[in-house]
Amino acid sequence: MQSKITKTWNRKLLLLLLGISIIAASFLSVCIGVAGSGFAEVWSAITNFNPASSIHQVIMELRLPRVVGAVLVGAALALSGAIMQGIGSNPFADTGLLGINAGAGFMVSLGMVLFAAASFRWVMLLSFLGAAMGVGCTYGLGAAGGKNAAPVRLLLAGAAVSAFFTALSQGLSLAFGLAKDLSFWQAGSLNGITWEQIYLVSPWMLGAIVLGLFLGPSLSVLALGEESAVGLGLPIQTVRLVGIIVSLLLAGCSVSIAGGISFLGLIVPHIARFLAGTDYRGILLVSVLIGSLVMVLADLCGRMINAPYDTPVGALVSAIGVPFFLALTYRKRKEASGR
Amino acid sequence: MKKNSKAIIALCILLVTVFVSMVLSLNAGYSNLPFTKIIQSLFGAVDQETNLIIHKLRLPRILAALLCGGGLGLSGCVLQSVTRNPLADPGILGINAGAGIAVLVFMVFFPQLHIASKTFMPIFAFIGGMLVVFFLYTFAFRNGRLSNTYFLLGGIGAAAGIQSAMLIISTGVENSNFQMLSRWLAGSVWGTNWNHVLTILPYLLILIPITVSRAKNLDVLILGEEPAAGLGLKVEYERRLLLFLAVGLAAACIAVCGGLSFVGLVSPHIAKRIFGVKHRFLLTGSVLFGMLLCVLSDAVGRIIIQPLELPVGIIVSIISAPYFLYLLRKQTV
């Protein structure tokens, strides 16, 4: 009993700590930038906005939407990864590795070519459709009849599906002269997010995040194994369907504003599992928070590393994520031999 | 004996096809030339303009595509046999990426060596590719033997990581260089000149015969580690030598044409269908199919959206990725 109480306290402390770090990191990120500015200026920009001041403009129109975008995208990608890892019992599930980013990227480039003046609403829809297409191809081709596809097969299929769609969108972008815009976007970048985009995306994202968090208890049961979950009366098919739709919604929305960011959905849930234990309610919530934190920090690094140039945040996240991914394969072997 | 003569006939037919596709490719492009003029221009002078187009613009790039395709096809075939994994390919294993980042480092950080880029680019590419293979080797060496699955998995990871590192480096590059880099990374023979062709030619002329001469050992090696050792093959030595050759081939090609993925994957598979699993013909067949694939893809890339052109790497990926998925479906990992 005693330990249970300390556990819940520990978790509350953890959540509080993460929340504070996110706020601190966001604030830092708003304060730091090429144009300069200090704490006082940021404060006055927020409390007492003066449209004539250029630094106020920079803070309110460039940095703030960017930070809000980073918080949303990080949360969405991490949660989407955590849910996919939960429903597929695939430790390698990630929006980048499963071909979701590439599919969404392809549809968006197609949209840019076919309907050049498409509003952002359409971009969002296309991105979602592309995400569904990408994951459909990967699972459809990687699973090959088997009910539970081996993670390695899915990884390989995902790599090929990604290569295919990336090649198609590269072709489109070179053919229609969108190369630099698109290549930056494909690498994943929060550059140039506007308030309008955030207004359009955030209801969907927040809705999906809340819905996703409600999946926690079901995923905990599913983690016991398919047979036990059926025995406990869990409607597995429904849970999987809802999970997939939620994670696609999250991934599609993120891609539509930030481009393809890989490996965030892979690493964050594993860190969350390390911190929060095996209960998916905890894992999902902690994933959301850590995802936001990592994203805000990575975006800040991306802006500072090579200033005044912007380094795509997706590349930074991948650079951190790959060693992690490789280390995971070692852990998996240990588990397998333990069985 | 009868089988051998069949294979030789098939090789001859293939050789003729490669040649025909080259001639066709010479005609593919923005300015259309009559065939008679092209043939004449190959054997002697016609008018100034035709000569310029054929000898200065199209012939070098077609030869570059031809050589890169051959080298990568062979490299892929060796990699597939050595790792005993039919899905291996210098692109998928991250060797291309490793060579690519080394070339990128060369371009960005060693401007003083650019005068002699013909010598240094392949060397840098080779070092990069070797580092990746060395990493994969240690990564995939588990429980005392080389795990094919982990070889592939490590390759996917390495490719992803290196590609992002390349992006990070290349954002610091100014815009005009960035355009060039992104084209090069996608795999392109656009703008290759005779210098490029001469850069890789010596490597291929040395490495291809050496590799093809190891055909017998490859035949033994694909039986598996224990049987091969039982037959008296120095498995570890042979494997390392062959990997070295495969990386050398891939690196030389990448130094010229950038990240051409999937050529090394697809060509050996098609060759296997025709020539069977004996490496004596399979290796040569892979070379020829690689050449054919690249020359045709390059031609398609030039025709498809005139007056612009698509890099050959994109066309190859679009054709080959579905084939990879098909192979994956058939194979049980």
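**Exercise 1.** In this predicted model, find which residues G243(A) touches, not counting residues up to four places away in sequence.

*Solution.* Start by placing the residue: G243(A) lies in helix α11 of chain A, residues 236–258. Leaving out residues up to four places away in sequence, its contacts are I83(A), G86(A), I87(A) and L215(A). A223(A) is 20 residues from G243(A) in sequence, and their C-alpha atoms are 14 Å apart.

**Exercise 2.** Decide whether G243(A) is buried or exposed.

*Solution.* First take the cut-off: a residue is buried if 20 or more other C-beta atoms lie within 10 Å of its own. Next take the count, which is 23 C-beta neighbours inside 10 Å for G243(A). G243(A) therefore counts as buried.

**Exercise 3.** Compare the span of helix α4(A) with the expected one, then state how many of its residues are buried.

*Solution.* Helix α4 of chain A covers residues 100–114, 15 residues in total. From first C-alpha to last it reaches 21 Å, close to the 21 Å expected at 1.5 Å a residue. As for burial, 11 of the 15 residues are buried, and α4(A) is mostly covered. Among the buried residues are I100(A), F106(A), V108(A) and M112(A).

**Exercise 4.** Describe the side of chain B that touches chain A by its helices and by residue class.

*Solution.* The contact takes 36 residues from chain B and 37 residues from chain A. On the chain B side, α6 (148–171), α7 (175–186) and α14 (312–330) each supply at least two residues. The largest share, 14 residues, comes from α6(B). By class, this side of chain B has 23 nonpolar, 11 polar and 2 charged residues.

Note on methods. Residues are numbered from 1 along each chain as its sequence is written. Chains are lettered from A and ligands numbered from 1 in the order in which they are written. This is a predicted model: local features need pLDDT of at least 70, side-chain atom pairs count only at pLDDT 80 or more; totals for chains, interfaces and linings use all residues. Two residues are in contact if their C-beta atoms, placed from the backbone, lie within 7 Å. Helices (H or I, at least four residues) and strands (E, at least two) are DSSP runs, numbered from the N terminus. Ala, Val, Leu, Ile, Met, Phe, Trp, Tyr, Cys and Pro count as nonpolar, Asp, Glu, Lys and Arg as charged, and the others, Gly among them, as polar. A residue is buried if 20 or more other C-beta atoms lie within 10 Å of its own, exposed if 12 or fewer, and partly exposed in between; C-beta atoms are placed from the backbone. The expected span of a helix is 1.5 Å times one less than its number of residues.
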